[in-house]
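Visitor: Could you take me through a close look at a single part of this model? I would like the cut-offs along the way, please.

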Amino acid sequence: MDVLERADLAFPASIREFQSLFPDDAACAAYLEQAQWPNGFACRHCGETGEPFRITTRPGILTCRACRRQHGLLKGTVMERSHTPLTVWFWAAYLVTSHTPGISAVQFQRQLGLTRYETAFAILHKLRAAMVRPDQDTIGGLPGTHVEVDETLIGGRTRGEGRGVHHKTLVACAVEVRQQQKANSAHPRRDGRYAGRIRLAQIPNRSGSSLENFVRSAVTPGAMIVTDDWSGYNGLSDAGFKHSPIAVCNEPEIADEFLPMVHLVFSNLKTWLKGIHHGVSDKHLQAYLNEFTFRFNRRFYPMNAFRSLLGIASTVPSPTYKALYSGNWHHPTSSGCMH
Ligand SMILES: [Zn+2]
């Protein structure tokens, strides 16, 4: 069964509840054990189902009482080979998923009393690596929905080089626009339209091929797509999408009327990058886009976000701190492919 649908895996509704559910590493290990063996431990080597041996000092290891072989609860997860206590990892997953704006490495280091900034930074980046489903599907294409697509410049750090467009990066976004029942519309001004899922990716330039590559990786073929009238989008019809370009004529009001959701996403994204992370470098921007996407797409279901972060964590590779800085690690894009 999908880890998201597991009612036996508790989700804390508050910080107090979190503290009582996960007071120590043993409690975190018990949660991971429950996730792997919903019906109780069964040895993968000999099939023994009796209570395994547990070592207090190594809560991530279970030893079969029959064949004495060990089972690593952290094997294949982002926590594998980490010297950081499980409680710190669980706090990180909880804060990242339940706290609306997420958390910065500096804040995380302070709140958890970690000695090294690098530890906080590496934990958050490893969790970000777990935020992309390897089999992530495309958005849009459902009856009665359309997809807004647009691109924007995100300012990187200027590193004292003065104002201007230094280090700005182009980011493309696709937003699924859904229609709510008129009766319980939360946004009457938007005729009950609201944003469904999003996809965000860094793109090299505004050319037709860059934009089409992005759209192909993010949007279901045949979906209705609304864009502005930039010529880079001209090929979308030939690429198999229903394309509706809006003549914006450099008038922001027109753009806001026809592309309200994607503009809202860009505005929230920029505020978040600036406010929480004080700007990020190009090199790591995709990781932050992934985090923003992950939280946005699960904003109505924080408990699923927490579970899927721990659940997905067992299936994706994650970077080492060294790889992060050597430039050898490529953040997976929000479309799920490594680039
Ligand atoms: Zn065994």
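Guide: Happy to! A residue is buried if 20 or more other C-beta atoms, placed from the backbone, lie within 10 Å of its own. By that count, 33% of the 339 residues of the chain are buried. This is a predicted model, in which local features need pLDDT of at least 70 and side-chain atom pairs count only at pLDDT 80 or more, while totals for chains, interfaces and linings use all residues. Residues are numbered from 1 along each chain as its sequence is written.

Now to our part, helix α5, residues 117-129. Helices here are DSSP runs (H or I, at least four residues), numbered from the N terminus. From first C-alpha to last, the 13 residues of α5 reach 19 Å, close to the expected 18 Å (1.5 Å times one less than the number of residues). Because 10 of those 13 residues are buried, α5 is largely enclosed by the rest of the structure; among them are Phe121, His125, Lys126 and Arg128.

Its partner is α3, residues 86-98: the two axes come within 10 Å and cross at roughly 60 degrees. Axes are lines fitted to C-alpha atoms over the stretch in contact, with angles from 0 to 180 degrees between N-to-C directions. The contact (C-beta atoms, placed from the backbone, within 7 Å) joins Val88, Trp89, Ala92, Ala93 and Val96 of α3 to Ile123, Leu124 and Leu127 of α5.

Terms used:
Helices (H or I, at least four residues) and strands (E, at least two) are DSSP runs, numbered from the N terminus. Two residues are in contact if their C-beta atoms, placed from the backbone, lie within 7 Å. A residue is buried if 20 or more other C-beta atoms lie within 10 Å of its own, exposed if 12 or fewer, and partly exposed in between; C-beta atoms are placed from the backbone.
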